[in-house]
Amino acid sequence: MTSMQIFDPSLDKILEQKNSLSVFPVRADEPDYAKLKNVGSQESNCYGGSIPLVTLEETESLRINGVEAIGENPDRNKQHAFHFNADNCIGCHACETACSEKNDLPPHISFRSVGYIEGGTYPSYQRMNISMACNHCDDPVCLKGCPTRAYTKHEEFGAVIQDPDICFGCGYCTWVCPYNAPQLDTEAGQVEKCNMCVDRLEVGLKPACVSACVGNALDFGVVENTPEGREQIATQLPGFPDPDITKPNIRFEQSSSLPREMARTDSAPVKYVRQADGQFKPAIDRKEGTKKHWNFARLSSRENPLVLFTLATQTAMGLFITLFVAAQLGSPALSVLAGSALYPLAILLVCGLTGLGLFMSTIHLGKPMRFYRGFNNLRHSPVCREGLGILLFMIFAGLHLIASLPANAVIQSFVVLPDSVLLTCNSVALVCGCLATLAACTGLYYMYRCYRIKARPFWDHWQSASAFTGNTIGLGAMLAAVLLVPAALVERSDYSALLMVLSALVAVGIALEGIGLLVHSRAMKTASHEGAASHYIQTTTFGKTYCLRNILMGINFLCLLALTAACSLNLISGAGGLLMLLGVAVSIFLVAVTGRALFYVLVIPTTMPGAFFWKNKAFEQHARDIGLADFPQVGLVPDGH
Amino acid sequence: MLFGRRKKNPIKLADKGVMEWKYATCSYCSVGCSIEIGLNSEGRAVTTRGVGGADVNRGKLCIKGLSEAQIFEASGRGSEPLIRGKIFEPWQSCAWDEALDKTADEFKRIQEKYGRDAVAVVSTGQIMTEEFYTLGKLVRGVIGTNNYDGNTTLCMASAVSGYKRSFGSDGPPGCYDDFEHTECLLAFGSNLPEQHPIIYWRLKEALDKRKFPVIVVDPRVTMFAQFADIHLAITPGTDLVLLNALAHVILDEGLQDVEYLEQHCNGFAQMRELVQLYNPVYAAKICGIDEDTIRNVARLYAKADSAMSIWTMGINQSTHGSDGVCAINNLNLITGNMGKPGGTSLSITGQCNAMGTREWSSCSGLPGYRQLENENHRKEVAAVWGVDPALFPSERGLAQTDIFPAIEAGEIKALWLVATNPMTSMANSPRIRKTLEKLEFCVVQDSYQDAESVQYAHVFLPGAVWAEKEGCFTNTERRVNITRASQPPFAQSKPDGWIFTQLARRWQRGRAMQWAETPEQTFEEMKRLSCADGVNSPGANGSPRMLDISGMTYDKIERARGLQWPFRESDAQQGKVVGTARLYSDGEFQFPDGKARLLALPYIENNELPCGDFPFWLNSGRVVEHFHTRTKTGKIGNCNKFSPTAYMEINPDAAAEQGVEHMQYVRLVSRRGDAIVLAQLTQRVPYNMVFIPFHFHECVNRLSLGLLDPHSRQPAFKQSAVRIEACDQAEAARTNAAMRTF
């Protein structure tokens with residue numbers, strides 16, 4: 001094994017161009033352990049991917065901090081990886097601190113974190129520490145998910161590097177990454193992450209964390225090269241998510257026998273249980289007991305704007321489609337209003353709700369003024385496509401509104417336009433309406449795709465689609481009814497046909513969502529992933545709230561069936577019917593908000609185990625509650641958002 | 001393959017803008033890592049890194065060293081001298097002259113009224129050796145009180161006492177290089193991965209090259225215990241019993257090194273007679289280690305060609321601390337493991353300069369391991385200082401842990417605390433609080449004015465910290481290493497050495513003496529005292545003085561990245577560039593006859609054992625991210641965030657029985673007081689024990705008893721009894737938050 005020649009004369013150029021001793025940190029007495037070893041490599045990795053990403057000649061300068069020179073590292077065209085030896089990690093935090101020093105990180109951000117799992121009974125107790133940063137994956141889901149294209153996977157070293165200057169702080173990459181590698185800095189309003197210390201690699205040095213390791217647990221090199229003194233390059237480790245999700249470039253050694261069950265000390269209700277094949281799989285750890293609670297206050301989270309965003313846009317889409325499609329179908333019950341004064345107001349409401357939704361999703365960003373970057377990654381990111389769909393929906397709905405104005409009865413009572421103009425307007429309105437419908441469906445589909453995240457098993461189920469669609473149909477039809485029934489009352493016309501269709505639609509929406517929830521809960525109950533833990537929290541911490549929501553859903557459904565039946569039998573009329581309708585509407589609204597809030601707070605990602613304080617959600621919340629988080633040295637931003 | 005942007009943006013990495021690196025020695029623990037402080041273009045310290053070519057740490061640093069640049073501008077730094085008449089009055093800022101005049105005047109007044117020894121000085125292990133020497137010169141040669149000690153009584157006194165009783169002198173005989181040679185390592189109450197991560201790494205490096213058995217004695221399953229080949233989960237406070245039993249087996253089976261015993265040891269017969277009582281069957285019942293394991297470990301240790309023992313607070317902080325150290329020395333003497341590569345008794349020290357205070361501060365004796373009891377020593381020092389030898393008492397005064405009871409009893413009226421925080425660090429803090437209230441005058445000299453003990457001060461003197469000044473530390477392996485001043489002292493703070501000399505000049509006697517202008521001049525004065533020459537006598541055994549630094553200079557120290565003493569002028573003249581790795585390699589000890597002493601060490605059960613009312617052992621210790629009373633690490637986010645508040649480890653089975661849940665507050669009650677802590681349920685601790693990190697103010701030491709070792713006067717922090725009470729969670733959370741002002 002030969003160490004890289006770190007003082008190659010051609011590196012003088014780098015040393016000349018750099019502005020300080022902090023980057024490309026070369027020193028005369030560099031110890032051997034910090035130097036990369038040039039030992040050749042295999043052609044392909046264990047996932048079948050190529051280890052040389054391009055030829056050496058094809059690599060380019062990384063232009064780090066203005067340094068144009070290219071490092072002499074002969075492996076710079078190859079995929080590199082961290083190697084972690086869990087047998088050796090002592091949990092001393094040197095790697096994390098070296099990283100924070102190198103990257104000048106405030107205490108609340110860390111590119112690398114050490115957590116642990118423990119098991120056994122005193123004194124045959126074992127604790128296994130896990131030090132984890134970015135795994136610079138073959139399939140970087142962060143890069144794919146990022147709407148701004150802040151991520152780049154470089155051919156040089158295979159480093160996945162994120163540029164905070166491009167990022168607008170939506171945090172979607174922090175959702176999709178199974179390892180909690182991207183760090184959302186709510187104070188700075190942006191994400192940052194491990195950059196593989198590419199400046200060190202360029203001069204033949206291992207990353208700062210690796211060089212700092214005091215347990216000889218962390219190592220680094222070309223992927224699949226077993227480091228000196230190691231025997232394993234496994235892709236699995238208890239507590240580590242399924243490598244199939246992203247094909248991470250990290251390899252493990254863990255040879256000491258562990259107890260059958262390894263528990264987490266943080267508040268995640270997850271433990272890891274050894275299977276027949278020796279692998280550990282997540283299982284529920286009933287930390288919260290079995291009692292059911294309300295915990296209404298805990299329904300509120302930093303994702304509140306997204307609760308409003310999704311509900312508002314879904315309602316708007318539902319309302320639009322209900323009105324537009326019904327008008328096109330010529331449904332006598334609904335189309336009467338197509339030409340009335342109420343129609344433009346209803347479409348205006350659609351645009352307003354959509355606008356509100358988009359506004360909520362924008363203020364959810366760390367840097368809202370950069371919202372326009374949300375369409376930079378249409379090629380890969382469902383977030384982009386969702387946003388674009390919804391935006392186009394709003395635009396076409398607006399155009400549809402304008403184009404349908406001339407044909408409106410109220411306008412016609414003031415101005416009578418020639419038929420040719422009216423015809424043109426009508427066809428424009430029709431085209432725009434169709435396009436708006438198409439955009440709504442696209443937006444809704446990608447809204448759903450946004451939540452099909454393997455690192456968030458609770459969401460990664462078709463129930464997300466049934467809930468979104470159910471809400472779109474149900475809430476849209478409900479809002480249509482709430483608008484149209486009073487209007488019919490004012491005009492003293494019979495609304496029972498109208499109400500029958502709309503209540504039936506709402507009932508269909510509820511049924512769709514309900515079936516999804518039922519199947520989902522069954523799937524989660526028996527799952528061997530974090531989704532099972534989410535479901536456990538759903539039925540304990542939020543158990544009473546969850547029950548109430550389900551019961552209300554059932555009652556709403558029955559009420560709507562009753563309403564539909566009553567309408568069809570002409571038993572409903574006048575203000576009494578309206579009151580009944582409003583009652584159900586309030587209940588439906590409550591169910592929707594509660595359900596959506598639960599959807600966000602319940603998700604438990606596949607992230608790495610935390611420690612007792614650091615990366616422990618319960619402690620973080622507690623520290624915020626009691627004011628400890630106000631001290632910057634506690635390493636927590638006082639309030640999430 | 002996915003590569004994102006086709007036209008790639010340049011990569012921007014954080015640049016702390018280091019323009020220059022300055023050499024220093026880490027100011028946290030006693031490992032003595034060589035460290036470089038990175039200064040930016042404005043000369044501000046922005047980061048640190050380990051020195052690649054330094055033998056101690058070879059480029060590595062632990063979490064604390066890596067984040068150490070932040071201590072300079074940490075919150076709570078003392079910016080100017082403060083003064084007040086009564087402790088309930090608000091602080092007034094004042095000029096240095098006023099603060100120093102007031103301090104000198106009060107000391108003089110109190111000494112005149114109550115006697116010379118009514119003023120007590122408690123110093124530290126934190127300041128530079130040159131400053132310790134100057135403080136000693138001031139206290140012994142000018143102020144003249146005999147009640148002068150360091151806070152090292154809380155951490156290293158038992159090791160000092162044990163070394164003195166076994167070998168005739170203090171001074172750890174081994175070094176880190178011993179790991180590279182040993183064939184068996186026995187660690188007592190030492191959690192290297194948390195306490196001394198870099199020593200752990202040196203051990204790990206040695207083990208990666210060549211496997212040898214590692215045996216860890218600890219009641220907790222620490223990471224070290226977990227990685228050990230054999231973990232002896234001992235009953236707290238009973239190490240002496242285990243050690244006597246190990247000696248019993250070795251002698252019983254004739255595994256001792258007969259030749260070594262005959263040539264280099266006294267006291268074998270008495271020792272043999274005593275250890276005969278400690279057969280493994282009997283010992284197992286007391287120490288909780290089964291008899292087979294005791295025999296197995298004894299044989300393993302004795303049969304190894306070289307075997308070494310290391311220990312830390314598990315031994316030192318107990319009622320048999322000094323005896324425990326002597327018993328470890330016994331074990332190594334009877335197996336002939338002394339002063340040879342891989343065979344030694346190596347105490348792993350605590351503070352960065354605990355060794356410096358032991359060597360040069362004059363607190364338990366006189367500079368250079370001299371004794372007050374020795375008339376020649378008194379004369380030698382008096383001659384160099386230019387004072388009347390009659391000024392020196394002929395025996396040592398009160399230890400730190402006896403000074404507080406003397407304040408309580410009204411014998412001591414004034415206290416000077418130098419870089420130590422007894423309100424958090426002393427056992428039984430309710431008693432210390434009451435004690436400090438009684439003082440007529442208290443001056444606290446510290447870099448941090450939010451250290452809890454400042455509450456009881458009448459004068460606060462802001463000290464410069466670490467590389468705001470120049471000077472040396474000595475580490476665990478006797479390596480003298482230097483810190484260069486990398487920046488000026490913070491605000492109006494001053495180097496401790498400056499404060500000592502300025503104060504000295506406020507006495508007639510002080511003005512008559514010579515005071516060095518620079519630390520380097522002080523170092524030269526210490527060098528003169530360190531060797532045997534016309535003025536100084538040789539060591540007790542007739543050989544040259546052991547603690548000899550006469551061959552060192554600041555530049556040589558920096559070039560060598562630290563030099564281990566003895567490093568004599570003759571060594572330097574012969575062109576040697578490294579010091580002496582091991583003591584006693586020639587089998588010559590520091591008693592007049594040159595032989596080591598084997599001691600008969602009976603075990604007397606005097607700990608506060610768990611009982612019906614207080615059913616849990618209270619154990620305490622440290623965590624890697626914090627240093628001592630958190631005055632530094634409590635302000636550095638990248639340290640503090642890993643344990644920002646107090647907690648206890650409790651066994652889940654015991655917790656279930658007590659109704660204690662994970663992440664909930666409990667109130668612990670002992671015979672001294674109570675404390676609120678968060679419960680962390682873990683099988684790392686036994687059923688009948690709770691473990692609490694000691695760093696937090698108003699926490700473990702509200703509960704601890706701290707019974708004193710009869711020889712070293714070191715408190716047994718780790719052995720007392722508590723019970724667990726439920727408490728209102730919201731109220732406890734409020735209390736906990738209120739306790740954490742940093």
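Strands here are DSSP runs of E with at least two residues, helices are runs of H or I with at least four residues, and both are numbered from the N terminus.

Before going further, a word on how to read this structure. It is a predicted model, in which local features need pLDDT of at least 70 and side-chain atom pairs count only at pLDDT 80 or more, while totals for chains, interfaces and linings use all residues. Residues are numbered from 1 along each chain as its sequence is written, and chains are lettered from A and ligands numbered from 1 in the order in which they are written.

The predictor gives the complex an ipTM of 0.96 and a pTM of 0.95.

Now to chain B as a whole. Chain B holds 27 helices and 28 strands. Its radius of gyration is 25 Å, close to the 27 Å that the globule rule gives for 742 residues, so chain B is as compact as a globular protein of that length. That radius is taken over C-alpha atoms, and the rule is 2.2 Å times the number of residues to the power 0.38. Of the 742 residues, 64% count as buried, meaning that 20 or more other C-beta atoms, placed from the backbone, lie within 10 Å of a residue's own.

Both chains are split into domains, with bounds from an automatic or database domain assignment. Here is one pair from each chain:

| Domain pair | Distance between C-alpha centres |
|---|---|
| domain 1 and domain 4 of chain B | 31 Å |
| domain 1 and domain 4 of chain A | 27 Å |

In chain B, seven residues of domain 1 are in contact with eight residues of domain 4; contact means C-beta atoms, placed from the backbone, within 7 Å. In chain A, six residues of domain 1 are in contact with nine residues of domain 4.

The two chains also meet each other. The contact takes 68 residues from chain B and 71 residues from chain A. On the side of chain B that touches chain A, α6(B) gives the most, with six residues. That side divides into 31 nonpolar, 22 polar and 15 charged residues. Ala, Val, Leu, Ile, Met, Phe, Trp, Tyr, Cys and Pro count as nonpolar, Asp, Glu, Lys and Arg as charged, and the others, Gly among them, as polar.

Finally, some backbone details of chain B. The peptide bond from B:Trp565 to B:Pro566 is cis, with omega near 0°. B:Arg630, not a glycine, has a positive phi near 65°, and with 27 C-beta neighbours inside 10 Å B:Arg630 counts as buried. B:Arg713 has a positive phi of about 60° and lies in the loop between β26 (707-708) and β27 (715-716).

Technical notes. Contact = placed C-beta atoms within 7 Å. Buried ≥ 20, exposed ≤ 12 C-beta atoms within 10 Å, placed from the backbone.
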